[in-house]
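Student: I have a chain open here and would like to go through it. Can we start with the terms and then work down to single residues?

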Amino acid sequence: DWTSDVFIDATIADLKAKIGTDKVVMGLSGGVDSSVAATLIHRAIGENLTCVFVDNGLLRKNEFEEVLDSYKHMGLNVIGVDVKQQFYDALEGLTEPESKRKAIGRVFIEIFDEEAHKIPGVKWLGQGTIYPDVIESVSINGPSATIKSHHNVGGLPDFMKLSVVEPLNTLFKDEVREVGRALEIPETIIGRHPFPGPGLAIRILGDITAEKVKTLQEVDHIFIQGLKDHGLYDEVWQAGAILLPIHSVGVMGDERTYEKVVALRAVGSVDGMTADWIHLPYEFLGKMSNEIINRVKGVNRVVYDISSKPPATIEWE
Ligand code: XMP
């Protein structure tokens, strides 16, 4: 039978044998998976692990500063890299979902390559890939068309010359959380909803600008904070907001407005492969809608996504 303690001991022993005295570089995303993977590797090889946390300008409000702080408290050797502008430049004018994902994946790899070259003799790249990522990417990269390219799966370009180490690639999300709790990673990280690597870029339909990111961050923050304040956050597997590329007519005072629409999404799931929309209380949704429209400039309409996966996906892009 699977238990987190057995898994942890076996994995640390494995990692020690595999990596020895080599150096490892690893990208952290602020999510559960990369945090748990990094902690395991850190337990196995200590300071020979260097973590890189990239501010791609597509994270949630205040996420970069808060998460970087938690990592430092956890004792991880972590470098924060602010490369927002590089990502915005690469995304400029792109509207097609796969082009956006590919651009983001490309810049991530460039940044990594740069950071990895600053670590003399680094041989390995740690990744927080979990089992559902592996199967989704196998099935979607098969002979049929790609549904969504997960930038964090599928290996690296040759020029990086790093071997990949993925200690969680046999686990499901609930198992990763169990391992994380056994490793005493703070609950603020373990209980965190999943968040996609390409971040808010795949929740802003159409082209990405710094201004749109700012708008969506504010909306998302109100929604997520609202879920927490109403004791709903832990009832939901994943939640977020989507900025739609359309304007709709509204009215404020005597004035006609013509502003943006945002969608709220909250789903229940076990592993992200299937998902049901959550029946959030109407009163709560009403409150969120008022708060968002009153507080976020440029938004005059809020809708709630009542689609399940399949046939919809969790993310809109
Ligand atoms: P979909 O939209 O495919 O999402 O139903 C399933 C789960 O995967 C997350 N997701 C990603 N995670 N890189 C990631 O690390 C990605 O490119 C990516 N795309 C989707 C999504 O947030 C959901 O939890």
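Tutor: Start with contacts: two residues are in contact if their C-beta atoms, placed from the backbone, lie within 7 Å. This is a predicted model, in which local features need pLDDT of at least 70 and side-chain atom pairs count only at pLDDT 80 or more, while totals for chains, interfaces and linings use all residues. Residues are numbered from 1 along each chain as its sequence is written.

Student: What share of the contacts with a separation of 6 or more comes from residues 24 or more positions apart?

Tutor: Such pairs account for 74% of those contacts in the chain.

Student: And how many helices and strands are there?

Tutor: The chain has 10 helices and 9 strands. Both are DSSP runs numbered from the N terminus: helices are H or I with at least four residues, strands are E with at least two.

Student: Why call the chain as compact as a globular protein of that length?

Tutor: Its radius of gyration is 20 Å, close to the 20 Å from the globule rule for 317 residues, so the chain is as compact as a globular protein of that length. The radius is taken over C-alpha atoms, and the rule is 2.2 Å times the number of residues to the power 0.38.

Student: New topic. Which domains are assigned?

Tutor: Domain 1 (4-190) and domain 2 (203-304), with bounds from an automatic or database domain assignment. Their centres, taken over C-alpha atoms, are 28 Å apart.

Student: Now the annotation. What does UniProt list as "binding site"?

Tutor: The unreviewed entry lists S29, G30, G31, V32, D33, S34 and S35. Positions are in the numbering used here, feature names are shortened, and annotations may be inferred rather than shown by experiment.

Student: Is D33 buried or exposed?

Tutor: D33 is buried, because 23 other C-beta atoms lie within 10 Å. The cut-offs are 20 or more for buried, 12 or fewer for exposed, and partly exposed in between, counting other C-beta atoms within 10 Å of the residue's own, all placed from the backbone. D33 is found in helix 2 (residues 32-45).

Student: What does D33 touch, beyond neighbours within four places in sequence?

Tutor: D33 is in contact with G128, I130, L168 and V176.

Student: And S34, buried or exposed?

Tutor: S34 is buried, with 24 other C-beta atoms within 10 Å. S34 also has its place in helix 2. Leaving aside neighbours within four places in sequence, its contacts are G27, L28, S29 and G128.
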